[in-house]
Amino acid sequence: MSVAVEEAKSKESRTAVVNDFNINVATVNGSGSQTSNNVLIRSLFKMGIPVTGKNLFPSNIQGLPTWYHVRLSKDGYLARRDGIEIMVCMNPATAIEDMEETLPGGLILYDEAIPVANHRKDVTYVAMPVKELVKAADLPFALRDYVANFVYVGVLAYLLDIDTDEIEAALDWNFNGKKKPIEMNLNMAQAAYNWAKENVDQECGYGVARMTGFNEGKIMTDGNTAAALGAIFNGVQFVAWYPITPSSSLAEAVNHYAPELRVDPETGKATFAVIQAEDELAAIGMVVGAGWAGARAMTATSGPGISLMAEFVGLAYFAEIPSVLWDIQRMGPSTGLPTRTSQGDILSTYFLSHGDTRHVLLFPATPAECFEMAGAAFDLAERLQTPVFVMSDLDLGMNISISDPFAYPAKPLDRGKVLLDDAFKEVGADWGRYKDDDGDGIPYRTIPGNSSMRAAYFTRGTGHNEYAVYSERAEDWEANLNRLTRKFETARTIVPQAVVVDDDATAKAATVGLISLGSNDPAVMEARDRLAAEGVNTAYLRLRALPIGQEVRDFINRYETVVVIESNNDGQLHYILQGEEPLAAKKLHSAAKCDGLPISARWITETVLDIVG
Amino acid sequence: MSTASASKRPARTPKTNALGLEKNDYKGRPSTLCKGCGHDSISQRIISAVWELGLDQTQVIKMSGIGCSSKTPAYFLGHSHGFNSVHGRMPSVTTGAMAVNRTLHAVGVSGDGDTASIGVGQFKHAMRRNLPMVYIVENNGVYGLTKGQFSATADKGQVLKYAGTNPYMPLDVCIEALAANATFVARSFAGDAKQLEALLKAAIAHKGLAVLDVISPCVTFNNHDASTKSYAYGKEHEVQLHELNFVPSFEQIEIDEYDDETEVQLHDGSWLVLKKLGEEYDPTDKILAYRTLEDARNQQKLLTGIFYIEPETPNFVETLHMTSTPLARLSQAQTRPGREALQGIMAEL
């Protein structure tokens, strides 16, 4: 990657930190700061700066504190980083703590209406006359609070030298070209910019500059939008869901995009259906019904919904019905912290439902991978005739991040071993719904509506023989479960392979192997650089699916020490890997962290250093 | 079923139906229920009704939850796909299946435990959506498979051997259905073959959700004469709201046979003819339906017939504005947008 940072033009100070600091915006939930923050981060993105935004919001509609954590990193590190250089205080309730938290040498912008009791000597304060500026803008009363957030956008634009054309473009994008709100917010930002120009010393120690080498060709979006689009471009026919944070925006994105993308050009009729169910029990029931009837069907939920779906998932596993479930993980157990991120559902989902069950889990790490895995999940679900889970999380699902563009699907849809009318006519008289004709554990299925009189079978969650007939015979039961085991072994060979980083400079000299998954990826990559600087060279395997394939076993067996990094408390993936490779259990170490924040490179670095001594 | 209007088919029952199939062709596997179970009579009526209507079994799905009643789809229509799902959740599975294949006919069988206890939520939401299906509740007021506990439809004061005396008023399946905006609400008795068959045919012809609460005595756990769900009680106390005849769209209406009657035309062109018995009953009057059901409940009277019918309300499938080809039959070309569409979206991200 060749990275070039242009000189910060209007900055005279040579000591200014350029494109490498954190901004934390503290606002009140429901005050409309999402718009101002989106505009801020998009402007920086379009200036070519590697930038990440993490929304730390409460489980509340209006009134509780919320923070938007923006990291700029000229080196391209996209993980959350601890420490705040620039604090924007718009919320009186948290201002004291927020100001306290700012790093020495930092900059604090605050609404001058907030009383500041204790001025620190080691930071710079800028008191913004928010009320005055808003009043001068002469806006309808109801809109004042919303537009007020553009005061900090304008002040930051001046202080950091953000290109105001990019702010205008971001506003235009945000409001989809709607003149009135664009103008209103832009005027507010402009007024604040002008005020800052006249009243504040621009030499605050921080600045931004346009750069190249990183954002070209990239897009900025969230995982839930990517997942919805992935489903739409991979033939989804049916979605049933029940609202739950942080998954709701996935189903809503299907509702947003599908009516345009998935209508029959001649009749204007939909080639999909989205049903908001009465609860998660019904949502998965509908998905199972639709999958059984031959459609690509999915649901999106979070931990509590997964728990409710457990019984139906067992039925789909045992009756062998394709279905796709997106789990946008949040903190558990129980209701937990609904608006905070976690990877705490791995273990319970892997074995979801009573009896002997095991499931295929996919772990996307970026929006582009959410798009890709939306297709892979359907292909696998239909190929394996089983529920497939895509384990995203709140951080990946809801926060916007820089991503590779979505790759248009290269392969045709894999609809699996389905015998439609014509194909069924070729099948011999002894067709059995649960017969393993190919030795891969995967039987051939028919779907309702097949016009042949012998295509029907009776689907049940009770014990059955190869012909789907109720059976309590011990031999039938064992034969069936053994076939399901065979099918699971087939799954190992066709799920997305792990990404193994073993040939960069530090990996070639590695004695330590790191294993992680999903949204931890940027933090792990950054930690590897930090660890290398400390003299610890690491290779890295990013798991993309369970059950594990041979490449994961090889990786585990290749390094003296293997650290499994995950965002939960109990080390759930660690536990699974120890079971998969019991002889390597001793050298598998757990690095598990669960505090509601996306994992940081600093924590990983410190933890790995502790482990390797 | 075809929408052809009245034709010249003879009214008499032929040995083969419109598809040239014998009644035997519509049988299922042998029943494993207790001898004399009311549920088996209902299975027989389903076989007769579907055969006489000349429905193509391969286009029928048989849906159920868990319980004695939910086992029965294995015992009728052996050439239809069947789905014995999880307890109380047959409606959601049927919702998914019908959304993706709108051309199927759904026949759902549930029990009083499956519908009025664990499944009462999904039961009501299926009606809220007017899901196109026949929803049969094989109602015996007792849990049979778990050997004799009260269900939510058990009579107040009823005594069972192990469960003791029931202190609660029963939940009335038909009243619950009305309250949930069901568009077809009827009750019958498993021992009344003629009425049940006519109701089944009308329910199949109805384009929305048709609830059929069928009192079906449990011969093992709830056949004491005092129970309103026993054979003896049913035979003695059954009061028919009206005599019924169902005229499929391919048969002529035999007006002459009836005087003092009401006719309701169903969406496929068939007719439901109700002959009044004493009282003036208008099955399109919802308030009258409530009152009639409530009075019967208070008098512990087994009232049967069609309480309410509203044939015009759009069904669930119609509200989804989908292609006429079932979603599950659409090809990749119809379900994967082009490369340019993706480029266009990414340009905005």
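How many bridges pair β22(A) and β23(A), and is the sense parallel or antiparallel? The two strands pair in the parallel sense, over six bridges; strands here are DSSP runs of E with at least two residues, helices are runs of H or I with at least four, both numbered from the N terminus, and two strands pair if DSSP finds at least two bridges between them.

A word on the ground rules. This is a predicted model, in which local features need pLDDT of at least 70 and side-chain atom pairs count only at pLDDT 80 or more, while totals for chains, interfaces and linings use all residues. Residues are numbered from 1 along each chain as its sequence is written, with chains lettered from A and ligands numbered from 1 in the order in which they are written.

Back to the sheet. It's an open one with five strands in the order β21-β23-β22-β25-β26 (chain A), and the pairing is mixed. β21 (499–501) and β26 (588–592) of chain A sit at the edges with a single partner strand each, so one side of each has no neighbour in the sheet. From one strand to the next, the twist averages 20 degrees.

As for β23(A), six of its six residues are buried, where buried takes 20 or more other C-beta atoms within 10 Å of a residue's own, exposed 12 or fewer, and partly exposed is in between, with C-beta atoms placed from the backbone. One face of β23(A) has Thr538(A), Tyr540(A) and Arg542(A), the other Ala539(A), Leu541(A) and Leu543(A).

Now zoom out to the domains. Chain A is divided into domain 1 (4–216), domain 2 (221–403), domain 3 (421–494) and domain 4 (499–612), with bounds from an automatic or database domain assignment. In chain A, the centres of domain 2 and domain 3, taken over C-alpha atoms, are 25 Å apart. Between these two, 14 residues of domain 2 of chain A are in contact with 13 residues of domain 3 of chain A; contact means C-beta atoms, placed from the backbone, within 7 Å. On the domain 2 side, α11 (303–319) and α13 (367–384) of chain A each supply at least two residues.

Next, the chain interface: 57 residues of chain A are in contact with 45 residues of chain B. α10(A) gives the most to chain A's side, with nine residues. Strands cross over too: β20(A) and strand β2 (residues 81–84) of chain B run parallel, joined by three bridges, with Phe458(A) and Gly82(B) as bridge partners.

Finally, the core. A nonpolar core is a set of buried Ala, Val, Leu, Ile, Met, Phe, Trp, Tyr and Cys residues joined through C-beta atoms within 7 Å. The largest has 282 residues, and those touching the most other members include Val155(A), Ala377(A) and Val185(B). α13(A) contributes the largest share of this core, 11 residues. Leaving out residues up to four places away in sequence, Ala377(A) touches Val324(A), Leu362(A), Val388(A) and Val390(A). A second, separate core of six residues includes Val142(B), Tyr143(B), Ala154(B) and Cys218(B).

Terms used
Axes fitted to C-alpha atoms, helices over the stretch in contact; angles between N-to-C directions.
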